[in-house]
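Hi there,

Here is the structure I promised to pass on to you. Have a look at it first, and then read my notes below.

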Amino acid sequence: MIQTIGLIAAVIMPLWNIPLIIRIGRRKSSSDISLPWALGVLACILLMLPSALASTDAIFRVFGVLNAVLFSAVVIQVLRYRQ
């Protein structure tokens, strides 16, 4: 039961990046998002990704991959609409 809940949370949590990606696209601005913050978070996520991929814990692997993919999309949007 705990593993199932953890896996569901590992999938759902990174999905919260999608509304942010959409909001930036609709506003055509990312001025309210700090570039150093976005790049710093992305760097930390990417530095943790090899550990997630090497882990035997499926929940950590799923979370690591989804978080890296979706937060990378956030950073792309931030850079795309940087003013």
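Of the 83 residues in the protein chain, 31% are buried (buried means under 20% relative accessible area, exposed over 50%, and partly exposed in between, with a 1.4 Å probe and protein chains only). Please keep in mind that this is a predicted model, in which local features need pLDDT of at least 70 and side-chain atom pairs count only at pLDDT 80 or more, while totals for chains, interfaces and linings use all residues. Residues are numbered from 1 along each chain as its sequence is written, and side-chain values use heavy atoms, with hydrogens and water left out.

**Overall layout**

The protein chain contains four helices and zero strands, which gives the pattern α-α-α-α when read along the sequence. Helices here are DSSP runs of H or I with at least four residues, strands are runs of E with at least two, and both are numbered from the N terminus. The C-alpha trace spans about 45 × 25 × 15 Å along its principal axes. If we take the contacts in the protein chain with a separation of 6 or more, 75% are between residues 24 or more positions apart; a contact means heavy atoms within 4.5 Å.

**α1 against α4**

Helix α1 (residues 2–15) packs with α4 at an angle of about 5°, and their axes are 8 Å apart. Axes are lines fitted to C-alpha atoms, for helices over the stretch in contact, and the angles run from 0 to 180 degrees between N-to-C directions. The angle therefore makes α1 roughly parallel to α4 (under 35 degrees counts as roughly parallel, over 145 as roughly antiparallel, 65 to 115 as roughly perpendicular, and the rest as oblique). On the α1 side, the contact is made by Gln-3, Gly-6, Leu-7, Ala-10, Val-11, Met-13, Pro-14 and Leu-15. Their partners on α4 are Ile-59, Val-62, Phe-63, Leu-66, Asn-67 and Leu-70.

**Asn-17 in α2**

Helix α2 covers residues 17–27 and includes Asn-17. Is Asn-17 buried or exposed? Asn-17 counts as buried, because its relative accessibility is 11%. Leaving aside residues up to four places away in sequence, Asn-17 touches Asn-67, Leu-70, Phe-71 and Val-74.

**The loop and its charged neighbours**

Lys-28 sits in the loop between α2 and α3. This residue has a positive phi of about 55° although it is not a glycine. With a relative accessible area of 53%, Lys-28 is exposed. Ser-34 belongs to the loop between α2 and α3 as well, and at 39% relative accessibility Ser-34 counts as partly exposed.

How many salt bridges does the structure hold? There are two, where a salt bridge is a side-chain nitrogen of Lys or Arg within 4 Å of a carboxyl oxygen of Asp or Glu. In one, Asp-32 meets Arg-23 at 2.7 Å, N to O. In the other, Asp-32 pairs with Arg-27, and the closest N and O atoms are 3.3 Å apart. Asp-32 is partly exposed at 44% relative accessibility, Arg-23 is partly exposed with a relative accessible area of 37%, and Arg-27 is partly exposed with 40%.

**The kinked helix α3**

Helix α3 (residues 35–54) has 20 residues and reaches 29 Å from its first C-alpha to its last, close to the 28 Å expected at 1.5 Å a residue. That expected span is 1.5 Å times one less than the number of residues. Where is the kink in α3? A kink of about 30° lies at Met-48, shortly before the proline Pro-50; the bend at a residue is the angle between axes fitted to the seven residues ending there and the seven starting there. Met-48 counts as partly exposed because its relative accessibility is 45%. Between Met-48 and Val-11, which are 37 residues apart in sequence, the C-alpha to C-alpha distance is 17 Å.

The buried residues in α3 are Ala-38, Leu-42, Ile-45, Leu-49 and Ala-52. The buried residues of α3 pack against α4 (58–80).
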